[in-house]
Amino acid sequence: MKTRIWPAIGAGALFSLSAVAQTAPEVTLTRIECGTGAKPTNVAERFTDTFAYKDLNLTFTFSCYLGFAPGSNPNAPKVGIVERLAEVKVKPEQVKYVGISHFHADHTGQLSPFANATLLIGKGDWDGITAIPPMQGANEAGFKDWMGANHRKVEALTLDKDVWGDGTVMVIRTPGHTPGHSSLLVRLKSGNNFLLSGDAAHFRENYESNGVPAFNYDRAQTVASIERMKKIAANLNATVIIQHDLRDIGKLPAFPAAAK
Ligand SMILES: [Zn+2]
């Protein structure tokens, strides 16, 4: 039996797990909560380029997934992704894909243990990481195993990617926060659909108002990507999960439980 689990919330990262395939696998979706010391952020300071959100303080989530390595900073999780996966008897080398929403450090700090995984990344971000010097804000250190001699396999995506070819898991192009930013659409057997934002939006208020953080790569792309997400969500009746928004993470069951 092949298992496909897509951890969802927190760092905007995603991946699947696979064992020996006998029958068509069922896709499930879970969130891995590893604890955080994150303090409230005044989102008016950096998360708007139009001086919005006056006095709005939000505690962002930095859960687990492929995000910050445990102990690396106050926002980092208390437990690592490898330890959490061990709870369901999955070793990192069994994972077939690691997909990242974008190249920022809080989404890429725990990639290294996934030794056999193909990296799914937007081409704009891959180009930013591999540029000399790397693009501003790109955390190339997180990708060292996918660069240089004997590097692991990379798919630099210029288009959406239907990961399993059956529409259940699709990497969606949502550039703007970074040049190659991706979001993730997951369609489950039950008919429940989920759209995971990555950092296409950081909190509900900027998603709803097409707000653009001051540090985004491209304003027009950001607004267009949020518009795309809203249309997808409406057409597929998908639940949008804004992955840094503490108020959104309860929309998915906590690992090891999963939406099916
Ligand atoms: Zn980011």
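**Notebook: loops, zinc, sheet, cores**

I started at Asp-55, which lies in the loop between strand 4 (41–42) and strand 5 (57–58). For the numbering of elements, I note that helices (H or I, at least four residues) and strands (E, at least two) are DSSP runs, counted from the N terminus. This is a predicted model, where local features need pLDDT of at least 70 and side-chain atom pairs count only at pLDDT 80 or more, while totals for chains, interfaces and linings use all residues. Residues are numbered from 1 along each chain as its sequence is written, and side-chain values use heavy atoms, with hydrogens and water left out.

Asp-55 is exposed, with a relative accessible area of 60%. My cut-offs here are buried under 20% relative accessible area, exposed over 50% and partly exposed in between (1.4 Å probe, protein chains only).

Asn-150 also isn't a glycine, yet has a positive phi of about 55°. I found Asn-150 in the loop between helix 2 and strand 8, and it is exposed at 80% relative accessible area.

Then I looked up cis peptide bonds. The bond from Ile-132 to Pro-133 is cis, with omega near -5°; Pro-133 is in the loop between helix 2 and strand 8 (154–157). The bond from Phe-255 to Pro-256 is cis too, omega near 5°, and Pro-256 is in the segment after strand 13.

**The zinc site**

Which residues hold the zinc ion as protein donors? I get His-102 (NE2), His-104 (ND1), His-177 (NE2) and Asp-199 (OD), lying 2.1 to 2.3 Å from it. Donors are N, O and S atoms within 2.8 Å of the metal (3.2 Å for Na, K and Ca); water is not among the atoms, so sites may look incomplete. Along the chain the spacing reads H-x1-H-x72-H-x21-D.

His-102 is in the loop between strand 6 (95–100) and strand 7 (118–122), and Asp-199 is in the loop between strand 12 and helix 3 (204–208), so this pair ties together parts 97 residues apart in sequence. Both His-102 and Asp-199 are buried.

Next I traced an open sheet of five strands, order 9-10-11-12-13, with mixed pairing. Strand 9 (161–162) and strand 13 (239–241) sit at the edges with a single partner strand each, so one side of each has no neighbour in the sheet. Strands 9 and 10 (residues 169–173) run antiparallel, joined by two bridges; a pair needs at least two bridges by DSSP. Lys-161 stands opposite Val-171 in strand 10.

Helix 4 (residues 219–236) packs on the sheet, touching strand 10, strand 11 (182–187), strand 12 (193–196) and strand 13. Contact means heavy atoms within 4.5 Å.

**Nonpolar cores**

What has the most contacts inside the largest nonpolar core? Val-98, Leu-111, Phe-114, Leu-119 and Phe-143 do, in a core of 22 residues. I count a core as buried Ala, Val, Leu, Ile, Met, Phe, Trp, Tyr and Cys residues joined through side-chain atoms within 4.5 Å. Helix 1 (81–86), strand 6, strand 7 and helix 2 (123–130) each supply at least two residues, with strand 6 giving the most, three. I also noted a second, separate core of 17 residues, including Val-163, Val-169, Val-171 and Leu-252.

Notes: Axes are lines fitted to C-alpha atoms, for helices over the stretch in contact, and angles run from 0 to 180 degrees between N-to-C directions.
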